[in-house]
Amino acid sequence: MNAMINVARYHLVQPALFVTLPLAMLAFVFAVNAARGGDTWRDGLAVIFLYFFIMGVQRAGGRWLPFGLALGATRRSFYAGTALLGVSMSFLYGLVIAGLQAIERATGGWGLSTTFFRVPYLLNGPWYATFLTSFAGLSALFVYGMWYGIVNRRWGMLGLLAFVAVQVPAGIAVAFARTWSGVGGPHPSLSALDLTGVIAALTVVILAGGHATIRRATV
Amino acid sequence: MPEMAGLDEGGPLFAQVAERLAGEIAAGGLAEGERVPSANELAAFYRINPATAAKGINVLADEGLLEKRRGIGMFVAAGARATLLARRRAEFTERYVRPLLTEAIRLGIDPGELVALVMESSGERGGVAV
Amino acid sequence: MTPAISVTGLTRRYHGEVALDDVSLTVGAGTITGLLGRNGAGKTTLLRILAGQEFPSSGSVRVFGAAPAENEGVLRRLVLVREDQAYPDFKVCHALRAASFCYPNWDAGLASSLLKDYGVRAGKAIKGLSRGQRSALGITIGLAARAEVTLLDEPYAGLDAVARQVFYDRLLADFAAFPRTVLLSTHLIDEAAALFENVVVIDRGRVALDAAADGLRGMATTVSGPVLAVDSFTAGRPVWERRGLGSQASVVMVGQVSGEDRERARSLGLDLTPLSLQQLVVRASGQPAGAGSLTERTRA
């Protein structure tokens with residue numbers, strides 16, 4: 001437990017990268033959208049989700065890993081500590097998004113009748129649903145990014161290509177299921193909360209996969 | 001190689017450390033009852049491993065030339081200088097006289113000539129200080 | 001007493017190449033051991049396996065009596081300074097802060113004093129450091145960690161002779177004040193020779209020599225001078241090498257040289273020069289695997 005916490009502290013020696021930077025990015029995208037005008041700005045939120053994915057890749061597979069191992073972390077505790085940090089940040093940002101969404105609604109779209117913190121179907125319900133979906137989504141993307149970073153570290157470019165290739169059939173199956181549902185939009189029989197549950201389950205699978213991959217990684 | 005203050009690769013370092021300490025005691029540089037540098041101090045001075053320095057000190061301690069006072073350090077034992085000088089006088093013949101003779105013979109200087117050379121030199125020096 | 005490090009039959013293969021071949025050795029607690037050998041001999045692989053950064057193909061590795069791989073209890077008490085250490089994109093002070101959480105004996109005062117000796121500013125970004133400054137950072141972390149087992153893999157890349165001497169001096173001083181087990185890999189043997197209590201020579205993945213340093217010193221001497229005198233002096237003594245030019249000869253003779261030997265050499269007009277530790281190691285590295293002569297004489 002202590003080892004995991006040391007890993008989290010290690011990642012946080014520059015807290016700005018986890019705290020200030022994502023908020024700054026959000027603010028920047030928000031400002032850009034405000035300048036541009038229009039009434040639905042949902043693509044803006046994608047930025048933060050993408051950032052969490054990238055953070056996962058960097059923190060697990062970048063140079064944080066070799067130095068972490070050099071400082072005496074085991075691969076197990078490095079993985080767990082990094083994932084723990086990512087999930088905790090996802091929790092916090094889930095709250096931030098839900099909070100900002102609430103403010104947005106209360107101010108009638110920031111006094112401009114616009115919506116930034118709203119994504120139809122996914123982030124459109126009560127605050128707790130928004131929080132849970134964001135939390136799950138950010139966590140999933142972070143640990144998914146971690147897995148990519150670790151695959152690259154262990155097997156290089158070829159490994160990455162194989163990793164992506166293996167996921168392609170699954171991706172096609174999902175797309176096929178959506179079109180077959182006839183709508184091409186949200187799955188008709190899955191509520192947003194149900195989808196959140198699916199994402200959480202996927203996260204667990206990804207965590208197991210990433211852990212299995214890091215166990216014999218060398219730096 | 002960093003200057004190990006005169007130690008060389010000719011033989012075990014611990015033996016050389018012991019030899020130098022003994023030399024200091026024989027020459028009077030370290031008086032009886034005086035504290036001998038610690039292993040760490042010697043190691044820092046010679047830039048060698050402290051365990052090696054400690055071994056050198058122990059060689060002298062085993063010969064009774066140094067005594068340990070618990071908690072304080074190693075001290076030159078009573079009679080150490082006398083013992084060393086006696087030993088060195090005995091070695092003097094082996095180490096200095098015989099090689100001198102050998103070299104003299106090589107150069108064709110007979111013993112009589114050699115003695116004359118020694119007297120001449122000691123005259124020049126105005127006696128020998130110890 | 002259990003040795004700090006104990007390796008038995010360690011073999012490491014990759015892609016059909018054998019990096020380490022049936023290596024066995026022990027390192028006693030509180031000693032400084034030199035891990036010597038040519039580049040590519042396998043020293044780095046051995047150190048990385050000891051630090052749990054790589055895995056053995058077969059054999060056993062024990063540090064403090066347990067396998068180091070994925071073992072927190074061991075890794076917390078061990079530090080490896082690598083020549084090619086990768087650091088995240090942050091500053092020197094961040095690296096030191098991270099190290100301070102991970103090493104229970106971390107001494108921040110020693111760390112800042114070492115950085116000052118090397119002229120490295122804590123606020124500087126690591127990616128902007130010169131090669132020598134990066135080495136200085138590695139040395140700083142390695143020494144200030146005061147880890148019970150300190151593994152140093154040629155930690156002085158880019159450091160000039162003066163800076164290297166600062167490293168040896170600081171290592172010795174801190175070792176004297178806070179004893180620990182040190183394994184220092186180097187190919188600059190003569191510089192560091194006086195630090196070692198023991199030396200292990202790795203050659204082409206195998207242990208070529210494993211002996212007390214003092215036991216090796218003086219074990220072979222170059223005898224040079226007139227051919228006849230050299231031959232007379234070395235008659236009946238084991239010899240490793242013989243070279244001649246005209247009426248002069250130079251022979252590497254094995255065995256400690258006594259006072260009488262010296263006198264005799266002088267009388268014959270011969271010059272005696274002991275082989276340095278570096279020369280002995282080079283010799284050990286040249287032997288076919290398992291060759292007897294050097295190893296036999298060195299059981300201390």
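**View 1. A:Val47 sits in helix 3 (residues 43–61) of chain A.** Helices here are DSSP runs of H or I with at least four residues, strands are E runs of at least two, and both are numbered from the N terminus. This is a predicted model, where local features need pLDDT of at least 70, side-chain atom pairs count only at pLDDT 80 or more, and totals for chains, interfaces and linings use all residues. Residues are numbered from 1 along each chain as its sequence is written, while chains are lettered from A and ligands numbered from 1 in the order in which they are written. (Buried takes 20 or more other C-beta atoms within 10 Å of a residue's own, exposed takes 12 or fewer, and partly exposed is in between, with C-beta atoms placed from the backbone.) Setting aside neighbours within four places in sequence, A:Val47 is in contact with A:Met25 and A:Val29. Contact means that the C-beta atoms of two residues, placed from the backbone, lie within 7 Å. As for A:Ala80, A:Val47 is 33 residues from it in sequence and 25 Å from it in space, C-alpha to C-alpha.

**View 2. Here is chain C as a whole.** Chain C has twelve helices and 13 strands, and its C-alpha atoms fill a box of roughly 65 × 40 × 40 Å along the principal axes. Of the 300 residues in chain C, 46% are buried. Take the contacts in chain C with a separation of 6 or more: 68% of them join residues 24 or more positions apart.

**View 3. This is where chain C meets chain A.** On this side, 21 residues of chain C are in contact with 22 residues of chain A. Helix 2 (72–75), strand 5 (78–81) and helix 3 (92–102) of chain C are the elements that give two or more residues to the side of chain C that touches chain A. Which of them gives the most? That would be helix 3 of chain C, with six residues. By class, the side of chain C that touches chain A has twelve nonpolar, four polar and five charged residues. (Nonpolar covers Ala, Val, Leu, Ile, Met, Phe, Trp, Tyr, Cys and Pro; charged covers Asp, Glu, Lys and Arg; the others, Gly among them, are polar.)

**View 4. Now for the buried residues of helix 3 of chain C.** They are C:Val92, C:Ala95, C:Leu96, C:Ala98, C:Ala99 and C:Cys102. Because they cover an arc of only 160° around the axis, they end up on the same side of helix 3 of chain C; the arc is that of the directions from the helix axis to the C-beta atoms. What covers these buried residues includes helix 1 (2–11) of chain A, along with helix 4 (108–118) and helix 5 (131–144) of chain C.

**View 5. Helix 4 and helix 5 of chain C cross at roughly 155°, and their axes come within 9 Å.** Axes are lines fitted to C-alpha atoms, for helices over the stretch in contact, and angles run from 0 to 180 degrees between N-to-C directions. Helix 4 and helix 5 of chain C are therefore roughly antiparallel to each other, a label for angles over 145 degrees. From helix 4 of chain C, C:Leu110, C:Ala111, C:Leu114, C:Leu115 and C:Tyr118 meet C:Gln133, C:Ala136, C:Ile139, C:Thr140, C:Leu143 and C:Ala144 in helix 5 of chain C. That contact has nine nonpolar, two polar and no charged residues.

**View 6. Chain C also touches chain B.** Two pairs of chains touch, and the pair with the most contacts is chains B and C. Here 25 residues of chain C are in contact with 25 residues of chain B. Helix 6 (161–177) of chain C gives the largest share of the side of chain C that touches chain B, six residues. This side divides into eleven nonpolar, six polar and eight charged residues. Chain A and chain B do not touch, and their nearest C-alpha atoms are 27 Å apart.

**View 7. Two loops of chain C hold a positive phi.** Most residues other than glycine have a negative phi. C:His15, not a glycine, has a positive phi of about 40° and lies in the loop between strand 1 (5–14) and strand 2 (17–27) of chain C. C:Arg146 has a positive phi near 45° and lies in the loop between helix 5 and strand 6 (149–153) of chain C.

Methods: Angles under 35 degrees count as roughly parallel, over 145 as roughly antiparallel, 65 to 115 as roughly perpendicular and the rest as oblique.
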